[in-house]
Amino acid sequence: IVDCPRDADNPEKLIEIIDYTMENAKSICKGGIAYAADIDFEKNHTFKDVEKAVKDAIASGSIMVHYQPIYSVDKECYISAEALARLHDEKLGWIAPDVFIGIAEKSGLIIELGEIILHKVCRFIKESDLKKTTIEYIEVNVSSLQLMQSGFADRMMEIMKQYDVEASQINIEITETAMMTSYAVVSDNLIKIEDYNIPISLDDYGSGYANINYLNSMPFKYIKLDRDMIWAAFKKQKARITLEYTIKMLNALNLQIIAEGVETEEMRDELIRFGCHYLQGWFYSMAVPEEVFKAMIED
C-alpha cells in the first residue's frame, strides 16, 4: 500500500517503490500487506548504486584483481595465490568485496564479472611467466550461478587456451553454500572440470554448512578451512579440539589442507603442528596488486 503523495509524490518514485516491493515481497511481508511507509528504501538505493558500479566496471573492464599469496609448509615458499576482485567507484569509493560480489550474484552480473576476472588472471599468468617462479597455480573463486551455467567448463577452457594457460595453473574455488544450491547440476559441472584436469578447492570448510558427503563424492583436491573456525580454535578449547581432529580427518582422506586467516606466529606454528599443508593470511600478506605480488615472488 502506497500513500500518495506522502510515500511517492512523482511517478518515478512510485515505480521504484513497486519494483522494490515486488523484488523483496517475501522478506518484506510474506502472505500479508506491505506498507511503503514501513520499508527502508535506503537499502534499495545502496543496491542500485552498487549494481550500477558493477555494471560500469564490467563495461569499462576496470574491475581489479589482487593476489593473496599462499605459503607451502613443505616447500617453505609461496606456491600459489588467491585472486580476489576489488572495485573502486568514482561516486562510492572502494566497495567491500562482500557487498559488490553479493549484489553481483543477486543481479546475475556475477556470470559476466567472473568471466572478466578469469581473463585477467589468465593474462597475468601468461604475462608474468609464472612457470619460471615458485607459483604453481592461481585460485579463482567461482559462484554457484557460474557453475549452474550450461557449458561453463568448456568456456573456462576456451579462455585458458586463449592465454596458453595449462589446466594445472588454475584452481577453481567454490564454497559449501554453492554445493547446496543445485547439487546435481553443480556436481555435473565439477566432474567435467575435473575431466579437464583443473584442480578444485572447497572453500569455507567448517563454516556451518559442512556436509561430509561432499568430501566423499566430489573431486576436491584442496580443502580450505574457514577463517572463523581457525580463529575460534585460538579462543576456546572445544573449538581447538574440533579443528585439530578435523585436520586429522582431512589428512586421513588424503586431501590437501589450506588454512585461511593466519594472523600470528602462534597460529602458524599450531596449524603446522596440526598438519596443515598450506597457510594463507595477513601473517604472510594481505591481498596485493599484481605488481606488488610479482615483486614478492621475485624476492
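Colleague: Which residue in S6 is the bridge partner of Thr-175?

Modeller: Keep in mind that we're looking at a predicted model. Strands S5 (residues 170-175) and S6 (residues 200-205) pair in the parallel sense, over four bridges. In S6, the residue bridged to Thr-175 is Asp-203.

Colleague: And in S7, what is the bridge partner of Tyr-205?

Modeller: S6 also runs parallel to strand S7 (residues 222-225), with three bridges joining them. S6 itself is mostly covered, with five of its six residues buried. Over in S7, Tyr-205 has as its bridge partner Leu-225.

Colleague: On to the rings: are Tyr-67 and Phe-124 stacked or edge-to-face?

Modeller: There are nine aromatic pairs in the model. For Tyr-67 and Phe-124, the ring centres sit 4.5 Å apart and the planes meet at 25 degrees. Planes under 30 degrees apart count as stacked, so this pair is stacked.

Colleague: How many residues apart in sequence are Tyr-67 and Phe-293?

Modeller: These two form another stacked pair, at 5.6 Å centre to centre with 20 degrees between the planes. Tyr-67 belongs to strand S1 and Phe-293 to helix H14 (residues 290-298). The pair therefore ties together parts of the chain whose separation in residues is 226.

Colleague: Is Phe-293 buried or exposed?

Modeller: The cut-off for buried is under 20% relative accessible area. Phe-293 comes out at 0%, so it counts as buried.

Colleague: Last one: which ring has Lys-248 over its face?

Modeller: Arg-240 does something of this kind with Phe-234, lying over its face at 5.0 Å from the ring centre. Lys-248 is 4.5 Å from its ring centre, and that ring belongs to Tyr-245.

How values were computed:
Residues numbered from 1 in each chain as written. Predicted model: local features only at pLDDT ≥ 70, side-chain atom pairs only at ≥ 80, totals over all residues. Heavy atoms only, no water. Buried < 20%, exposed > 50% of the residue type's maximum accessible area, 1.4 Å probe, protein only. Helix = DSSP H or I, 4+ residues; strand = E, 2+ residues; numbered from the N terminus. Pairing = 2+ DSSP bridges. Phe/Tyr/Trp six-rings, centres within 6.5 Å; stacked < 30°, edge-to-face > 60°. Lys NZ or Arg CZ within 6 Å of the ring centre and 35° of its normal.
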